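Please open the structure in the viewer and keep the sequence at hand.

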Amino acid sequence: MSASHDLHCHSTASDGHLTPAAVVHRAADQGVTTLALTDHDTVAGLGDAQAAASTAGIRLIAGLELSVLWQGRTFHVVGLGVDSGEPGLQDGLARMQRARQERGEAIGERLERAGLSGAREGAREAAGTAEITRAHYARWLVESGNVRGYEEAFKRYLRRGRVGYVHGDWVAMEEGIEWIRRAGGIAVLAHPLGYDLTGAWIRRTLDAFTAAGGEAMEVACGTSPEPRQVQQLGGWCRRYALLASSGSDFHGPGHPSREIGGAPALPADLPSVLEALPERGG
Ligand code: AMP
Ligand code: MN
Ligand code: MN
Ligand code: MN
């Protein structure tokens, strides 16, 4: 039942609940044989994950999930098979981490001003050594009893249009894809149904994404796992002649995301991004 690969998940290097090593061991326990760790805007967890993967006897693909801007909106591009030490990528990620720090502060200020005292400190603590994401604010909002669950935290405070929403100063999509490609990786459009877009806008996004050098898209996502969603995504994947990727978007046991290895299966006729990865030294 469980897929043997999972090409999208998070650790404490960004907004996951488990350390990189614990993510790898959990993946191995779930029967995953090829895993990509794809933390938000960082490759900091990959060293520990690789060491754990060697011990656990599974294949680790060096990945990340880049926040990018296109047409004034945020999209996520997963990079797979990157050389994480490549200088251009390193510089780019340092810039992203600074953008996250500033945005993390700004979110805190807005929430505190709205009467949620302790928000900034709470998110800082939830993030540990990682840079702050909205997921850390969500965790604090839940733990401090201000909301009943993650969904409510986003609905009431953190999503676009709410008091705690601050637009990130992310890299432009074209440049972000270039960072991934120059580091030898494959750029994958993450969870295309996760942006609240009409079909026409998803096609426009895919036009721009492929024109900029994007080569793959997620078709089997933990966040849109229904058969008709996989079918719809598969249709776009064929039409744009992209490679197909799949991943759970696992964030940890205490989080509403899917279990690691828990993405649905890819339609059998689609070319898997995995087949292109060994050629890149992934
Ligand atoms: P950020 O990149 O800082 O904007 O944070 C985005 C992260 O927040 C995502 O990667 C998810 O982990 C989490 N997230 C966003 N929306 C939701 C939601 N509706 N429910 C649960 N988690 C969410
Ligand atoms: Mn996340
Ligand atoms: Mn994402
Ligand atoms: Mn993700």
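How many Å apart are the manganese ion (ligand 2) and the manganese ion (ligand 3)? They are 5.7 Å apart.

This is a predicted model, in which local features need pLDDT of at least 70, side-chain atom pairs count only at pLDDT 80 or more, and totals for chains, interfaces and linings use all residues; side-chain values use heavy atoms, leaving out hydrogens and water. Residues are numbered from 1 along each chain as its sequence is written, while chains are lettered from A and ligands numbered from 1 in the order in which they are written.

**First selection: ligand 2**

Select the manganese ion (ligand 2) together with D15 (OD), H40 (NE2) and H251 (NE2), which coordinate it at 2.0 to 2.2 Å. Donors are N, O and S atoms within 2.8 Å of the metal (3.2 Å for Na, K and Ca); water is not among the atoms, so sites may look incomplete. The sequence spacing of these donor residues is D-x24-H-x210-H. D15 is buried, at 5% relative accessibility, and H251 is buried at 7%; buried means under 20% relative accessible area, with exposed over 50% and partly exposed in between (1.4 Å probe, protein chains only).

Next, select the manganese ion (ligand 3). Its protein donors, E65 (OE), H76 (ND1) and H191 (NE2), lie 2.1 to 2.2 Å from it. Along the sequence, the donor residues of this ion follow the spacing E-x10-H-x114-H. Finally, select H76, which counts as buried at 18% relative accessibility, and then H191, also buried, with a relative accessible area of 8%.
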